[in-house]
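My notes follow in the order I looked things up.

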Amino acid sequence: RSVERNEKDNTPTLITFSEGTNLKLQDAQAIFEKYSGINNTTDKLVLISHTPTKTETIVDRYAQYYKGIKIEYSSFSLMAKNDKVSFISCNIYNVPEGSSSVPVFTEAGALSKALERIGAQQYKWEDTAAENFLKRSRNNPALTYYPKGELVWVQDMLVPEEQRSRSLHLAYCFNIYSAQPLSRDKVYVDA
């Protein structure tokens with residue numbers, strides 16, 4: 001087996017297994033625990049896609065969750081042929097022990113900050129025609145453009161990538177649709 005690691009935090013980025021390795025796709029969580037060095041009591045994998053190919057290769061892609069909260073931009077992808085894992089490509093994070101998963105700010109307060117940052121003249125949920133079209137086109141009267149905050153762990157995106165430490169912040173993530181000017185923004189606000 002060979003392992004390539006991230007220079008900033010020493011987490012694995014690519015793990016290649018030899019032919020004789022007998023690791024199975026269904027053992028993804030155990031493989032994650034063994035080869036990632038991540039705490040298995042707080043970190044879990046959640047399957048986000050299962051892709052079989054014409055060459056009988058299967059790629060299972062997972063997201064990493066810490067204390068039940070998704071880590072944005074995390075990935076743990078296993079490639080297998082004949083149900084035997086041959087390599088893993090990953091972008092995983094070490095969250096410091098004791099990091100609190102309890103937000104300090106409310107979702108409403110975070111949304112207020114996000115809207116202040118966007119500064120649109122009109123938002124899609126304020127446009128009755130757009131709201132009605134969304135509900136009709138998706139045949140779901142409960143749908144709305146009004147942003148719902150999702151609690152996530154994320155790196156500080158205001159720091160240039162080459163300077164990021166890979167430390168994570170608890171944040172609310174909002175998808176904000178503006179009508180004037182027309183835009184869709186994914187906004188993170190510290191929680």
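**Surface and overall make-up**

I began with the surface: the accessible area of the protein chain is about 11400 Å², and 50% of that belongs to carbon and sulfur atoms. Areas come from the Shrake-Rupley method with a 1.4 Å probe, and for residues only the protein chains shown count as cover. I noted that this is a predicted model, where local features need pLDDT of at least 70, side-chain atom pairs count only at pLDDT 80 or more, and totals for chains, interfaces and linings use all residues. Residues are numbered from 1 along each chain as its sequence is written, and side-chain values use heavy atoms, with hydrogens and water left out.

Next I looked up the extent. The C-alpha trace spans about 60 × 40 × 30 Å along its principal axes. Of the 191 residues, 37% are buried (under 20% relative accessible area; exposed is over 50%, partly exposed in between; 1.4 Å probe, protein chains only).

The chain has 23 positive and 23 negative side chains, and the centres of the two sets lie 4 Å apart. Lys and Arg count as positive, Asp and Glu as negative; His and the chain ends are not counted. Each charge is placed at NZ of Lys, CZ of Arg, CG of Asp or CD of Glu.

**Elements**

I found three helices and 11 strands. These are DSSP runs numbered from the N terminus: helices are H or I of at least four residues, strands E of at least two. The order from the N terminus is β-β-α-β-β-β-β-β-α-β-α-β-β-β. Among contacts with a separation of 6 or more, 49% join residues 24 or more positions apart; contact means heavy atoms within 4.5 Å.

**The N-terminal strands**

I turned to S1 (residues 2–5) and S2 (residues 12–16). They pair antiparallel over four bridges; pairing requires at least two DSSP bridges between two strands. Ser-2 stands opposite Thr-16. Six residues separate the strands of this hairpin, and Asn-10 has a positive phi near 65°.

I stopped at Val-3, which sits in S1. Is Val-3 buried or partly exposed? Val-3 counts as partly exposed because its relative accessibility is 30%. Beyond its neighbours within four places in sequence, Val-3 contacts Pro-12, Leu-14 and Ile-15. Val-46 is 43 residues from Val-3 in sequence and 23 Å away in space, C-alpha to C-alpha.

S2 also runs antiparallel to S7 (residues 84–91), with three bridges. There, Ile-15 has Ile-88 as its bridge partner.

**The cores**

Which residues touch the most other members of the largest nonpolar core? Among its 23 residues, they are Ile-71, Ala-114, Trp-153, Leu-168, Phe-174, Ile-176 and Val-189. A nonpolar core is a set of buried Ala, Val, Leu, Ile, Met, Phe, Trp, Tyr and Cys residues joined through side-chain atoms within 4.5 Å. Helix H2 (107–118), helix H3 (128–137), strand S10 (168–180) and strand S11 (183–190) each supply at least two residues of this core. S10 gives the most, with five.

I then followed Leu-168. Leaving aside neighbours within four places in sequence, it contacts Ile-71, Tyr-93, Val-95, Trp-153, Val-154 and Gln-155. A second, separate core has 18 residues, including Ile-31, Tyr-35, Tyr-62 and Phe-76.

I finished with S10 and S11. Eight bridges join these antiparallel strands. Their hairpin has two residues between the strands. Ile-176 has Asp-185 in S11 as its bridge partner.
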